[in-house]
Amino acid sequence: MTAEINQDPAELAQFDGPDLDWWDPQGPMQALHAINPARFQYIEEHCELAGQAVLDIGCGGGLLTESLARAGAGVTGLDLSGTALEQARAHAQEQALDIEYLEQDAHALAGQRPETFDVVTCMELLEHVPDFPALLGDCEQLLHPGGFLFVSTLNRTVSAFMLAIVGAEHLAGILPVGTHRYDRFIRPSELAQTARDLRLVVEDIRGIAYNPLTRTARLGGSPRVNYLMRLRKAAQA
């Protein structure tokens, strides 16, 4: 599997525009700004970050990446969008944060740095690639035995279709039209089974309640739309 295979050029283009401002909380990335505190809270609740080697796959402009770095982790951000990474590097420099950013795919990095990271995050990315099990497998390979993997994605339900596509894209204009494809949404049961097939332990599933009217998010509630999953790689015997 290569980056040319396990990525959708049309979907990548949604996040690679030169005029896309990742750090404008009222701009096209406003939904990510709203949910970033909740997803960071979820990670921070369940693992130690200070002094840990952390990889943020699909980091975009670096919203979560910077939160992880401020918690004391040694962070690497990985993305295929060169324009997003330009903004990520510039913003990190402005904030005096030491973050390694790589324009590369997870499969290539897994071949170069297997079992390197204590924590891997893969947020709002699984539903944007053609082969999510392959990406999950790359995440597993990148983790130290005993390491944590945190993922978030969208459930394949009518509620998710109505809120994430009809509501957020077409009615409220919170997201650009075409950001999501419903057929790539993933049910928690499908994600959990794929993880178990990779010998990842499913430790927790948590919903994220996002209100597109108030544009706020909180942890908890039903996973019928957005949800997080905490996985752990088995420790070596």
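## Overview of the chain

A residue is called buried here when its relative accessible area is under 20%, and by that definition buried residues make up 54% of the 237 residues in the protein chain. The structure is a predicted model, and its protein chain contains eight helices and eight strands. The accessible surface of the chain comes to about 10,300 Å², of which 52% belongs to carbon and sulfur atoms. Among contacts between residues at least 6 apart in sequence, 71% join residues that are at least 24 apart.

## The sheet

Strands of a sheet pair through backbone hydrogen bonds, either parallel or antiparallel. In this model, eight strands form an open sheet with the order 3-2-1-4-5-8-6-7, and the pairing is mixed. Strand 3 and strand 7 (216-219) are the edge strands, each pairing on one side only, and the twist averages 20 degrees from one strand to the next.

## Helix 4

Helix 4 covers residues 82-94, and because each of its 13 residues is taken at 1.5 Å, the helix should span 18 Å, which agrees with the 18 Å between its end C-alpha atoms. The buried residues of this helix are Gly82, Ala84, Leu85, Gln87, Ala88, His91 and Ala92, and they pack against helix 3 (63-70), strand 2 (74-79) and strand 3 (100-103). After helix 4 comes alanine 96, whose phi is positive, near 55 degrees.

In soluble globular proteins, nonpolar side chains tend to be buried together. The largest nonpolar core of this model has 37 residues, and those with the most contacts inside it are Trp22, Ile43, Leu49, Leu68 and Phe150. Helix 2 (30-46), helix 3, helix 4, strand 4, strand 5 and strand 6 each supply at least two residues of this core, with helix 2 giving the most, eight residues.

Leaving out residues up to four places away in sequence, leucine 68 touches Phe40, Ile43, Leu49, Val54, Asp56, Ala73, Val75 and Thr121.

Key:
Residues numbered from 1 in each chain as written. Predicted model: local features only at pLDDT ≥ 70, side-chain atom pairs only at ≥ 80, totals over all residues. Heavy atoms only, no water. Helix = DSSP H or I, 4+ residues; strand = E, 2+ residues; numbered from the N terminus. Expected span 1.5 Å × (residues − 1). Buried < 20%, exposed > 50% of the residue type's maximum accessible area, 1.4 Å probe, protein only. Contact = heavy atoms within 4.5 Å. Areas by Shrake-Rupley, 256 points an atom, 1.4 Å probe, with all protein chains shown as cover. Pairing = 2+ DSSP bridges. Axes fitted to C-alpha atoms, helices over the stretch in contact; angles between N-to-C directions. Core = buried A, V, L, I, M, F, W, Y, C linked by side-chain atoms within 4.5 Å.
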